[in-house]
Structures are given as structure tokens and as C-alpha cells.
Amino acid sequence: MMQQYLALKSQHPDVLLFYRMGDFYELFHADAERAAKLLDITLTTRGQSAGQPIRMAGVPYHAVEQYLAKLVKLGESVAICEQVGDPATSKGPVERKVTRIVTPGTLTESSLLAPTRESFLAALDIAGGVAGLAWISLASGELRISQLDATRLGAELERLRPAEILCAADFALPAALGVAVKRLDAWQFDATAASRELARQFGTADLSGYGCEGMERAIGAAGALLAYCRHTQQSALPHVTGLRVERESEFVAMDAATRRNLEISETLSGAESPTLFSLLDRTATSMGARRLRDWLHNPRRDPAIAQARHAAIGALLDAASPLRYPRVQELLGAWSDVERITARIALGSARPRELAGLRDTLASLPALHAALSASAHPALEALAPALAPADEPLAELARTLHDEPAAMVRDGGVIRTGRDGDLDELRAIQDDCGAFLLDMEKRERERTGIANLRVEYNRVHGFYIEVTQGQLDKVPVEYKRRQTMKNAERFITPELKAFEDKALAAGERALAREKALYEELLAALNRHLALLQRIAGAAAELDALASLAAGAEALDLARPEFTTEERIDIAEGRHLVVESQVEHFIPNDTSLARARQLLLITGPNMGGKSTYMRQVAQIALLAYCGAYVPAKSACLGPIDRIFTRIGASDDLAGGRSTFMVEMTEAASILNNATAQSLVLVDEIGRGTSTFDGLALAYAIARHLAEGVRCYTLFATHYFELTQLAGALSNVANVHLDAIEHKDRIVFLHRLEGGPADRSYGIHVAHLAGIPKEVVRAARRHLAELERQLRPGSTQPDLFAAAPEPPPERSYPALDALEEMDPDAMTPKEALEALYRLKKLAE
């Protein structure tokens, strides 16, 4: 047995090998030690190999998925080794083989996958500054490729968030990615061989029909990806029937920092809510939720795509429509995850209850198709053909599958009675067991005179006749002892043994027959994979649209408009995430155009500058995703990229300070932004000296306004920058207002024209709980700094010439106070001194 294990392990040296033995998956040697630590299971020893104890650990086969989930989450891969031989006919160890390899990027089991998030496996190949990228979701079968500049690879990986990456052995990936990495030999990325294999997979002569000419790096990556998936799944992947080319020019580009700052599906602290996705996700199916997440992360530049979605949302909100969004959600409410079930059908791993869910889903198609066809809205009617009744796969499922099948085929009770005559006959033998036992028990009691004789069955000992100790003298000679109990004996007779053989054989044969019929059903459904994928795609799109319609009505969102003019006009815009967390949100307008391209935003700390900037970007993002937006109205011109430079922290692992991170993000903006980009810059230059920071902020703002000429929101506490509005005609000053009352400050969160006159930083420090004596000292020091740097002004002018030093002045009251010794004074002398000081002060 160990020889068999070691031979299999040698074929999979870099993964954990789960070796099936009876009701357990066992691990041995180093695998056992590693699994024991990772899974917190017992490590034991048994026997010896090469003179050393064999270390082993195991997990029950019926609970294996929970252990696989934990290992995959830790970035481990596992080879599943099953018994494929017949123990009854095997000489020596039962034949075993690895039936699949579970890796972080090749998951298809529903219990191992997040229902609302895709799990991507990516492969990349880089040469000559060009990166080829391919990625696939095995749970859906959709394969995509892209070829881009190697410097953009980080942003693309941040967009995809793959669970596992395949790359050449000598390629250095950034450790900060935190992704499982599989190293492959360089020859596996050969583009010529990849083209042949991909064409063979798709059943085409070549790849000319997919628009991937000149994308050798991406095709090589796709070939490596396909080979790896075939190897891990031990399958031909029949649900992977084509590829889609994605080009940067199709999407509104966002880098990693922008995705974090806009809180699309993850908050700044890493939580799943509140985010744009959590607020808008009102989907009825997990397919719809995944589609909605994809739309939010991948806004398309072509406004026609967004406008088509806006039209569909409008139709679902139309009060006069016979098909409003609540009816759609009602029709889709009971749907199964057709997309992932289809993938598991293709891989031969779909379970009976999943197929039952698919059957019930397909049975509801006629009602949905009729509702779409009668909607009287072209945007909804366009989805009707893909959601037409699927009669053939439905008939196959209804004819074969039990109404409520068992969870697993091995449990029996999966195939419908009447589907197969042989199976019905075998089941009849099993069903007759109860009647046979009762009849035999009655006959044997009468024949032997043993009134309490019982004929029964259990899984361990099979069929038996039980007689108590007091009646053993009446036992006939043909009874053969099977088991001795404390107060009874159990026997077997030739008649009972013959029935046992027949019944047990019938049970085994029935299970084998059910398995064969189930595999026939999967094979029959494989002929309809393309149809099922179309149904899944259309249903996911409809569900996502209904979710956006529901969100639009609940959150008071408006339909945005697009224009070919270069401008962004937003009336009463709101920040959807912040609004959900506060009692009353103050909306603000935004107007950007060629004559007003850069807004210099000043105002107090906590006044809402960052929130205002983010809401403009969120509105632009939502509009190009095809969603309604949080505003009274919005009209947007062409936008190709969204950049944000908001907040920064140390990158300790990468050896970068806060200021270095800030400058790196600024460099990315300056090098990649175009005239159609939307750029958000918040308080740049804070991480260095005041003069260095101010000089950099001034130069960056000026370059964005004069050189790049992009839409820019530039928040700063450097009030000297507000002078740019006088020097450049396309720069305007705005501020978030606040009111000071005594030592308190009230933030109005209202955007007003012109610059602010102060930052109120000390007031915010007081609100934060800084000790009063520290706040008082800060106020005194601020007054002194203001007096020294710019007499008569509340803000220093660092661009102005240095002022002349003030003339020396004498202060008689202070001089007299310094000469006094209060401890040596009598009360009368102290009172006289006080009057004298008052007179000197006057």
C-alpha cells in the first residue's frame, strides 16, 4: 500500500495528497505533519517504512469539503486520490488514482466558493515590457485574455483579484499581492502550441475569429492556463468554448488606490460593507450579484452600453409597466445558480440536489419568458430570446430525477421510479425485505415454539435470527450461530443467508445502476451546455438590472445623461456610502468644463472635502457602469480614467515612507492621465517639510491644469495655491464652509465659491479630545506664528517676500512683573503691586 502511495505522491510532490482509505482520506509523512498543523488534526504513527515510523493524519471523507475550504483559504493545493478499482476483484491494494487537484484558483464546488464573488485563476507571461494576461473562472467557464504594458500589470491584477496566478519559474511577482502562485516551466507559455490547443478546445481551425492577432504573450498565457485546468480537473473542460479579448480602451481605467478609495466592494478598512456594492446589491440570485459586482468594477467607456442599462432600469421602474422590478425579483427568487451548476455538469461533479434545483429553475422559464415578451419595453424584450423555455434539458431532468433526490448518488434514491425497469426490479427486492422478515419471523415462531424470536437486520452483521438465552434449548439444529450477545444469541439459516445474499446484492446493484443512470443524465445535459450558459447569462443580467432598479427607487437615485461635450455637471450630488451612515447628508453641485477644469478646494479639516471629491468620482463610476446616480441630475462627457490620490500610509514591507507612497501615486497620475481623465488629489505634499510640500503641490496642480488639462478636484490646506486661480483661467477656487462660535466650530458641508480663510485645525484637535492645556498652548503659538509670518493676516503667505523684522519694543508691565517675588509679599504689598501693574499696562 505504501508503495502505491509513494508512487502517486511522486507524481504530485508539491501538493498535499489526500489518499482514500475506507471512510477517511489519509495523509502520510511530511504531508501528515503539515496538514496536522494547518487543520489542527491529530498526528499519529503506524508501522514503519525504511526503518522509520510512518507519520499519518486523516479526515473523514464525508466532511472533506470543510477541510479543503480551510486549506484553500491558506493557499494550499490538494490532490484527491480515490479508489477506482473493485475491492472484491483486486489482488493486493485496490487501484487508486488522483481524480482532481483542488487549488485556490480552480474551485468549482459550491461549498468552497463565495456565492457573490468570482474566483479567478490567472496566468501571465511577460517579455520586452509587454504583459500577456489570461484568466478564467472555472465555475462559469469564461476565459478572457488581455495584452498590456507591463507597468499596468499591477492595476490589472488589482482589478481581477485572482485567487491563484500561474507564471514562469524565473518571474518575480510582488510579495504584496498575497496570492497563491504556481510556477511553471517557460515552455508551457509557448504561443504557437497554445494557439493549436486553444483552437482544438474551441473546435475551430484557428483563433482568427476571436480578434487576438498579435497577442502572442496573452495567447501563451491562455495556453498555460488551459493545460493547468485540464490537469487539475482531469477533464476536457467542455464548458470552455471560447475566449474574449479585453482591451484597456474598453474600460474606464482605475488603479488600485482608486478602487480602494471609492469603496466599490470593500471599505478602506477591508470590510464588505458599507460599500457601493453592499448598498446596491438587492439581487435575487447569486448569479445576479456576481454580474453586478463585475459591472461596478469594470465600467465601460462606451456610453451606449451604460445607456442601454439605464433604459432597462427605467423600464423596470415604469409604474405603467406590467413587468416592474418586484415582479422580476419574484420570478427569479427561487432560481438556482445555473451558471455554476452548468460548469459542474461539464466537469461531471454536479450533485443530485443541484440538478433538482436546475430542473425547478428551467420549469419556471415559460413564465419569465412570457413576462419579458409582454413587457412592451425593447430593453427588456431583448432578453426574452435567451430566456425562452428549455424543453429538452427540462424533459431529461424531469424524466430521470426523483422529485426530492438524496444529497449524494452514493446514498441512492436519486433516480425516479419508472425511469429504468432493471432499477425498479432491484428496488422491489429491497422493498420486499420488510415483508419477508415479518413472514419468516411468524413462520419460525410457529415452527420452533419460541414466542419472542426476532428476525432483523443491521448494517454491521446483516440479517439474523435473535433468540434469548432462556429459549436456546428450542433452537433447531440448522440454526448456525452468527453472534453471541449478553442475553441472547444471533443465528443465520440457509434460507435467511440466501435471502441476504440476494437482498444485499440487489442493493449494491441498485446503487451501481443509479450511478450509471446519473452519469447518463450528466452526459445528456452536456449536450445543452451552450443553452444553459445563455440562460445563466441573461438571467444574471436581468437580475442585476432589477437590483439597480430597486436601489434607484430605495435610495432616490437619478438617471444620468451623457454628452459628447467635455464637461461634468452634477446637481445636488451625494456620497452614497457616507449618506447611508449619517442622519442628514448635505448635497453639493459640481461643474467642470474646459474653462473650469481644476477646482482648488479649501476648507476646514472634517469639513467634507474628501467626501465631496469621492462623491464626484462615485457618480461618474456609477453612470458609466449603467446605474442610476445619487444626484438630482448628472450630465457627463467622455471619461477614460479615474485617478485618486487621497490619503496614504507607510508601505513598510516595500520599504516606502508615507511621502514616497504619496509621490508614487502622484507620478502615476501625472504620467498616465489624459485630457478626459477625472483626477482627485487630496492634500498632497504633507509628508515632507512645509516649503517642499507646498512647492510640489503648486507644481503638480499647475501641471494638471496647464499640461494634462484633465478634470481635477484638488483639495489643499496650502492657501497659497489659491493664487493659481488668478494666474490660470481654467482654475477656480471653492471651499467647504464652516461657522465659528466662541471656541466651537460648526461644519456646514456646503460647497461655496472662493477660497476659505482658515483651516480650523486647532478646533478639530479640541473636538478630537486633545487636552485643553495643549489646545490653549497651540492657540497662543498660532497667534505668535501668524504675527511673525504675516502681520494682520490669519494665514502665512509662503510665496511672499520675507517681512522686515519688527522693531524692538519694551513692555514696562512685563519688566515689573519679572522683578516681583510674590512669595515675599504681604497681602497689602501684593494689592499695591497689582494696581501698579494695571497702571503700567494702560
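pLDDT is the predictor's confidence in each residue, from 0 to 100.

**Figure 1. Overall view of the predicted model and its confidence.** The structure shown is a predicted model. Where pLDDT is low, the predicted coordinates should not be read in detail. Over the protein as a whole, the mean pLDDT is 90, and 95% of the residues reach 70 or more.

**Figure 2. Dimensions and composition of the protein.** The secondary structure consists of 29 helices and 27 strands. The radius of gyration is 37 Å, whereas the globule rule gives 28 Å for 842 residues; the protein is therefore more spread out than a compact globule. Along the principal axes, the C-alpha trace spans about 135 × 80 × 60 Å. Of the 842 residues, 48% are buried. Among contacts between residues at least 6 apart in sequence, 66% join residues at least 24 apart.

**Figure 3. The antiparallel sheet of strands E14, E15, E17 and E16.** Four strands, in the order E14-E15-E17-E16, form an open sheet with antiparallel pairing. Strand E14 (454-458) and strand E16 (480-484) each have a single partner strand, so one side of each edge strand is left without a neighbour in the sheet. On average, neighbouring strands of this sheet are turned by 40° against each other, direction ignored. E16 pairs with strand E17 (residues 488-492) in the antiparallel sense over 4 bridges. Within this pair, Gln483 stands opposite Arg490 in E17.

Figure 4. E16 and E17 are paired in it over 4 bridges. Helix H18 (residues 433-448) packs on this sheet and touches E14 and strand E15 (462-468). The direction of H18 makes about 150° with that of E14. Helix H19 (residues 494-526) also packs on the sheet, where it touches E14, E15, E16 and E17. The direction of H19 makes about 145° with that of E15.

**Figure 5. The mixed sheet of strands E18, E22, E19 and E20.** This open sheet has 4 strands in the order E18-E22-E19-E20, and its pairing is mixed. Strand E18 (561-562) and E20 are the edge strands, each pairing on one side only. Strand E19 (residues 567-573) pairs with E20 in the antiparallel sense over 5 bridges. The bridge partner of Arg567 in E20 is Ala593. Helix H22 (residues 609-625) lies across E18, E19, E20 and strand E22 (633-636), and runs at about 70° to E20.

**Figure 6. Gln581 and its surroundings.** Gln581 lies in the loop between helix H21 (576-579) and strand E20 (588-593). With a relative accessibility of 55%, Gln581 counts as exposed, because exposed residues are those over 50%. The side chain of Gln581 makes a polar contact of 3.1 Å with the side chain of Ser580. Leu347 is 234 residues from Gln581 along the chain, and the C-alpha atoms of the two residues are separated by 45 Å.

**Figure 7. Glu339 in helix H12.** Glu339 belongs to helix H12 (residues 338-347). Its relative accessibility is 17%, and Glu339 therefore counts as buried, the limit being under 20%. Beyond its neighbours within four places in sequence, Glu339 is in contact with Glu118, Ala139, Ser140, Met287, Arg290 and Ala536.

Figure 8. Most residues other than glycine have a negative phi, and most peptide bonds are trans. Leu237, a residue other than glycine, has a positive phi near 55°. Leu237 is found in the loop between helix H6 (216-233) and strand E12 (243-245), and at 0% relative accessibility this residue counts as buried. Glu572 also has a positive phi, of about 55°, although it is not a glycine. Glu572 is part of strand E19 and, at 37% relative accessibility, counts as partly exposed. The peptide bond from Ser273 to Pro274 is cis, with omega near 0°. Pro274 is placed in the loop between helix H7 (256-261) and helix H8 (276-280).

Methods. Residues are numbered from 1 along each chain as its sequence is written. Side-chain values use heavy atoms; hydrogens and water are left out. Helices (H or I, at least four residues) and strands (E, at least two) are DSSP runs, numbered from the N terminus. Buried means under 20% relative accessible area, exposed over 50%, partly exposed in between (1.4 Å probe, protein chains only). A polar contact is a pair of N or O atoms within 3.5 Å; within protein, one must be able to donate a hydrogen and the other to accept it, and residues adjacent in sequence count only if both atoms are side-chain atoms. Two strands pair if DSSP finds at least two bridges between them. Contact means heavy atoms within 4.5 Å. Axes are lines fitted to C-alpha atoms, for helices over the stretch in contact, and angles run from 0 to 180 degrees between N-to-C directions. The radius of gyration is taken over C-alpha atoms; the globule rule is 2.2 Å times the number of residues to the power 0.38.
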